[in-house]
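Welcome! Open your viewer, switch to a cartoon view, and get ready to select a few stretches one by one.

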Amino acid sequence: MGDVIVSESRGVTLLGGGKVNLKDLREALRLAPSLVAADGGATFAMENGFEPVAVIGDMDSIPPRIRAAVPVGRFHEVSDQDSTDFDKALRNIDAPLILGVGFLGRRVDHQLANFNVLARRFDQRCILVGKHDIVFAAPRELELPLAPLSRVSLFPMARVSGRSHGLNWEIDGLDMTPTGVIGTSNHVRAGHEGPVSLAFDNPGMLVILPREALTLAISALQRATPFAPAR
């Protein structure tokens with residue numbers, strides 16, 4: 001990556017300004033111990049005893065008391081009004097793993113915008129963590145060692161085709177689009193042994209798994225074959 005605000009050799013937990021569960025945040029920090037706040041996420045962090053190494057965003061959601069509590073050098077204002085705070089933060093982090101907490105739930109329009117960013121920043125290994133689900137952009141090739149009947153939902157944010165092995169409804173030969181064929185509410189085929197294999201011809205697919213699959217998904221993404229970085 002080019003010049004970035006945060007460069008870490010370990011995982012980063014990116015905290016957003018949406019609905020946050022302390023349990024989720026603590027688990028994310030255990031797996032990705034460097035905390036970065038996207039704009040209003042700094043309020044939840046500071047109010048609950050967590051000090052971010054950086055706060056990135058347009059700073060329109062941070063009250064004066066929080067500004068006073070965070071060291072000045074940790075504020076990084078990105079004034080671009082054509083992107084969300086999630087996008088501003090994600091494109092300015094260089095780390096082997098990013099776990100996003102506070103980006104799912106609450107407002108549907110914000111959640112859709114965050115999915116848009118995930119799909120466009122597909123070269124970032126980023127997983128959004130929610131109460132019931134985790135969501136990430138599919139790499140070129142991925143193997144998921146999920147148990148039979150485990151939920152595997154696929155939602156295309158662009159026109160995407162690919163192949164699978166181990167799903168109840170395989171995706172081979174499907175031309176998937178946001179307004180056409182999608183792949184939600186799929187699952188691992190009953191009796192299937194071994195990992196579920198997924199391969200995609202181009203970026204744009206989101207993978208949605210149950211919340212309890214987080215550590216499994218992290219390991220799978222670390223072994224996955226990525227797409228070439230976006231230009």
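**A pair of strands to begin with**

Start by selecting isoleucine 98 and cysteine 126: the cysteine, in β8, is the bridge partner of the isoleucine. Keep in mind as you look around that this is a predicted model.

Now widen the selection to residues 98-101, which form strand β7, and residues 126-129, which form strand β8. These two strands pair in the parallel sense, over 4 bridges.

**The helix that packs here**

Which helix packs on the sheet, touching β7 and β8? Select residues 214-223 to find helix α6. Besides β7 and β8, helix α6 touches β9 (133-137) and β15 (205-210). Compare directions too: that of α6 makes about 170° with that of β8.

**Towards one edge**

Next, select residues 151-156, strand β11. On one side, β11 is joined to β15 by 4 bridges, and the two run antiparallel. Pick out proline 156 here; its bridge partner in β15 is methionine 205. Strand β11 is also antiparallel to β13, with 3 bridges joining them. For an example, select valine 152 and its partner in β13, asparagine 186.

**The whole sheet**

Finally, zoom out and follow the order β5-β4-β3-β2-β7-β8-β9-β15-β11-β13. This is an open sheet of 10 strands with mixed pairing. Which strands stand at the edges? They are β5 (75-77) and β13 (183-187); each has a single partner strand, so one side of each is left without a neighbour in the sheet.

Technical notes:
Residues are numbered from 1 along each chain as its sequence is written. This is a predicted model: local features need pLDDT of at least 70, side-chain atom pairs count only at pLDDT 80 or more; totals for chains, interfaces and linings use all residues. Side-chain values use heavy atoms; hydrogens and water are left out. Two strands pair if DSSP finds at least two bridges between them. Contact means heavy atoms within 4.5 Å. Axes are lines fitted to C-alpha atoms, for helices over the stretch in contact, and angles run from 0 to 180 degrees between N-to-C directions.
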